[in-house]
Amino acid sequence: MHITRYTDYSLRVLIYLALQGDRLTTIQEIADSYDISKNHLMKVVHQLNKKGYIETVRGKKGGMRLHMEPEDINVGILVRETEHDLSIVECYSDKNACRITPVCGLKPMFGEALQAFLAVLDKYTLKDIMKDQHKPQLLRLLQIA
């Protein structure tokens with residue numbers, strides 16, 4: 001299973017905002033901390049806002065912060081909402097052209113593996129990612145004062 005950059009960045013934004021608490025944060029701050037493109041983050045932030053994970057405040061002193069508590073943000077659900085295609089092999093896609101699909105034994109195996117992968121992620125929340133003992137290191141690594 002491969003997680004796209006979009007999902008990776010979604011998780012990183014949520015981690016960053018969780019570290020900030022109620023403080024408003026800008027896209028530029030997050031981009032600078034992770035050394036990633038602001039343009040990539042703009043689309044991610046827009047969708048996270050649209051889905052209710054974050055709230056945004058417009059204006060000169062605006063920014064964003066978590067709209068949900070970290071314990072209410074389930075990693076498995078987030079992955080399902082941000083991954084547009086969980087087809088790990090061709091036979092799961094709409095563009096399946098594999099000739100052996102009707103008799104292939106791989107499809108059920110990959111389906112079971114995908115379900116197991118998602119079941120593991122379903123057990124975790126953003127709060128689980130933000131373990132208290134890791135918070136000082138995260139703050140330091142992301143250069144958050």
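Q: Where is the place of Gln 20?

A: Gln 20 has its place in helix H1; helices are DSSP runs (H or I) of at least four residues, strands are E runs of at least two, and both are numbered from the N terminus. The model is a predicted one, in which local features need pLDDT of at least 70 and side-chain atom pairs count only at pLDDT 80 or more, whereas totals for chains, interfaces and linings use all residues. Residues are numbered from 1 along each chain as its sequence is written, and side-chain values use heavy atoms, with hydrogens and water left out.

Q: Does one call Gln 20 buried, or what else does it count as?

A: Buried means under 20% relative accessible area, exposed means over 50%, and partly exposed lies in between (1.4 Å probe, protein chains only). Gln 20 counts as buried because its relative accessibility is 12%.

Q: With which residues is Gln 20 in contact, leaving aside its neighbours within four places in sequence?

A: Contact means heavy atoms within 4.5 Å. On that basis Gln 20 is in contact with Thr 25 and Ile 144. Its side chain also makes a polar contact of 3.0 Å with the side chain of Arg 23. A polar contact is a pair of N or O atoms within 3.5 Å; within protein, one must be able to donate a hydrogen and the other to accept it, and residues adjacent in sequence count only if both atoms are side-chain atoms.

Q: How many salt bridges does a search of the whole structure find?

A: Side chains of opposite charge can pair when their charged atoms come close. A salt bridge is a side-chain nitrogen of Lys or Arg within 4 Å of a carboxyl oxygen of Asp or Glu. The search finds 4 salt bridges. One of them joins Arg 23 to Glu 29, at 2.9 Å from N to O. Arg 23 is partly exposed, with a relative accessible area of 40%, and Glu 29 is partly exposed at 24%.

Q: Which residue forms a salt bridge with Asp 8?

A: The partner of Asp 8 is Arg 12, and their closest N and O atoms are 2.9 Å apart. The two are separated by about one helical turn because they are 4 residues apart in helix H1 (residues 5-20).

Q: Which residue forms a salt bridge with Arg 65?

A: Arg 65 pairs with Glu 55, with 2.9 Å between the closest N and O atoms. This pair links distant parts of the chain, since Arg 65 is in strand E2 (residues 63-66) and Glu 55 is in strand E1 (residues 54-57), 10 residues apart.

Q: Which residues touch the most other members of the largest nonpolar core?

A: In soluble globular proteins, nonpolar side chains tend to be buried together. A nonpolar core is a set of buried Ala, Val, Leu, Ile, Met, Phe, Trp, Tyr and Cys residues joined through side-chain atoms within 4.5 Å. The largest core has 34 residues, of which Leu 14 and Ile 54 touch the most other members. Its largest share, 10 residues, comes from H1. Not counting residues up to four places away in sequence, Leu 14 touches several residues, including Leu 48, Tyr 53 and Leu 126.

Q: Which residues form a nonpolar patch on the surface?

A: The patch consists of Tyr 92, Leu 106, Met 109 and Phe 110, with about 380 Å² of accessible area together. Patches are made of residues with over 30% relative accessible area and no salt bridge; like charges are joined within 9 Å, and nonpolar side chains (Val, Leu, Ile, Met, Phe, Trp, Tyr) within 5 Å. Accessible areas come from the Shrake-Rupley method with a 1.4 Å probe, and for residues only the protein chains shown count as cover. Phe 110 lies in helix H5 (residues 106-122).
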